Amino acid sequence: MDDLAGFFDIGEFASLAVYAPPVGEAFSIPVVRSTKAGFESAEIVAFHARVSDIPFPQIGGKLSVDGLDWVILDRISKDSGLVWQLRAARLDRYDGIVLIERPKAVDDGYTSDGPPTWLEHSWTWAVVSFGRGDERREAAREGTVLPATFKMPRNAETSEITGAFRLRYPVNPLSPASAPVWDIVSVAPFGLNEAMEIVARKREEA
């Protein structure tokens, strides 16, 4: 069901979902799961919700529907702006929430007087991997910090990430400043242009 004209009499065929934004209070909304085929992956589906029920769904937010958790990858305005189409993937593919920060000013040694001021860019869910077992053992022997790979949904926010940005992970949304900082080593699209793959190295604590 892609075109949802007449969507406002949804009580008889909608599921009740719990929407939890990356930061903020969760609440219940009625949603309709799309049966339209043609997404990049069978693991990605669409849920439709009225704008009156969820004025601005956040990328990386969570939908709990019929006992399963889904993370929102993208949002599309439908039906003359009255309905959201929320493309989502199973949350069990993801490991945790990541805070992405961008610099307000970068110290290049010539045009600024100090280190950058870091601003919140966005929150998202990510799959985090720390290398193979032999790589971890080698890093332990040499006393080095092994880079980690963060795979996250590709959207307007994450596609803006460059090597000048940084990550915080793992992070408690109530106290993000206490989360470990990761410096980005590389950024690249992943898969069929549906994800971002970011390699980052954890900053050693002073």
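**Exercise 1. A charged pair across the chain**

Is Glu157 buried, partly exposed or exposed, and what is its relative accessible area? Then describe its salt bridge with Arg75.

*Solution.* 
Step 1. Note the kind of model: this one is predicted.
Step 2. Read the accessibility. Glu157 has a relative accessible area of 25%.
Step 3. Apply the cut-offs. Buried means under 20%, and exposed means over 50%. Glu157 is therefore partly exposed.
Step 4. Find the partner. Glu157 forms a salt bridge with Arg75, and their closest N and O atoms are 3.9 Å apart.
Step 5. Arg75 sits in strand S5, residues 68-78. Glu157 sits in the loop between strand S9 (148-153) and strand S10 (166-168). The two are 82 residues apart, so the pair links distant parts of the chain.

**Exercise 2. Two further salt bridges**

How many salt bridges does the structure hold? Describe the pair Asp53 and Arg50, then the pair Arg203 and Asp183.

*Solution.* 
Step 1. Side chains of opposite charge can pair when their charged atoms come close.
Step 2. Take the count. There are six salt bridges in the structure.
Step 3. Look at Asp53 and Arg50. Their closest N and O atoms lie 2.6 Å apart. A salt bridge needs a distance within 4 Å, so this pair qualifies.
Step 4. Check how open each residue is. Asp53 has a relative accessible area of 22% and is partly exposed. Arg50 is at 17%, so it counts as buried.
Step 5. Turn to Arg203 and Asp183. Their side chains meet in a salt bridge, N to O, at 2.5 Å. Arg203 lies in the segment after strand S12 (195-202), while Asp183 lies in strand S11 (residues 181-190).
Step 6. Arg203 is partly exposed at 37%. Asp183 is partly exposed too, at 29%.

**Exercise 3. The surroundings of Arg168**

Where does Arg168 sit, and is Arg168 buried or exposed? List what surrounds this residue.

*Solution.* 
Step 1. Locate the residue. Arg168 belongs to strand S10.
Step 2. Read the accessibility. The relative accessible area of Arg168 is 9%, so this residue is buried.
Step 3. Find the charged partners. A network of salt bridges links Arg168 with Glu101 and Arg166.
Step 4. The side chains of Arg168 and Glu101 make one at 3.2 Å. A polar atom of the Arg168 side chain also lies 3.3 Å from the backbone oxygen of Ala177.
Step 5. List the contacts, leaving aside neighbours within four places in sequence. Arg168 touches Val98, Leu99, Glu101, Pro176, Ala177, Ala179, Pro180 and Val181.

**Exercise 4. The barrel**

In what order do the strands close into a barrel? Which residue in S11 is the bridge partner of Leu167?

*Solution.* 
Step 1. Recall how strands join. Strands of a sheet pair through backbone hydrogen bonds, either parallel or antiparallel.
Step 2. Six strands close into a barrel in the order S7-S8-S9-S12-S11-S10, with antiparallel pairing. From one strand to the next, the twist averages 45°.
Step 3. Zoom in on one pair. S10 and S11 run antiparallel and are joined by three bridges.
Step 4. Name the partner. Leu167 has Trp182 as its bridge partner in S11.

**Exercise 5. Backbone details in loops**

Which peptide bond is cis? Describe the phi angles of Asp66 and Ser80.

*Solution.* 
Step 1. Check omega. The bond from Tyr169 to Pro170 is cis, with omega near -10°. Pro170 is in the loop between S10 and S11.
Step 2. Check Asp66. Its phi is near 55°, a positive value in a residue other than glycine. Asp66 sits in the loop between strand S4 (62-65) and S5. At 66% relative accessibility, Asp66 is exposed.
Step 3. Check Ser80. This residue is not a glycine either, yet has a positive phi of about 60°. Ser80 lies in the loop between S5 and strand S6 (83-90). Its relative accessibility is 75%, so Ser80 counts as exposed.

**Exercise 6. Confidence**

Where is confidence lowest, and where is it highest?

*Solution.* 
Step 1. Start with the whole protein. The mean pLDDT is 79, and 74% of the residues reach 70 or more.
Step 2. Compare the elements. Confidence is lowest in helix H1 (residues 133-142), at a mean of 55, and highest in S10, at 96.
Step 3. Look at the start of the chain. Over residues 1-6, pLDDT stays under 50. For this stretch the model has 15 contacts beyond four places in sequence.

Conventions:
Residues numbered from 1 in each chain as written. Predicted model: local features only at pLDDT ≥ 70, side-chain atom pairs only at ≥ 80, totals over all residues. Heavy atoms only, no water. Buried < 20%, exposed > 50% of the residue type's maximum accessible area, 1.4 Å probe, protein only. Helix = DSSP H or I, 4+ residues; strand = E, 2+ residues; numbered from the N terminus. Pairing = 2+ DSSP bridges. Axes fitted to C-alpha atoms, helices over the stretch in contact; angles between N-to-C directions. pLDDT = per-residue confidence, 0-100. Contact = heavy atoms within 4.5 Å. Polar contact = N/O pair within 3.5 Å; in protein donor to acceptor, adjacent residues only side chain to side chain.
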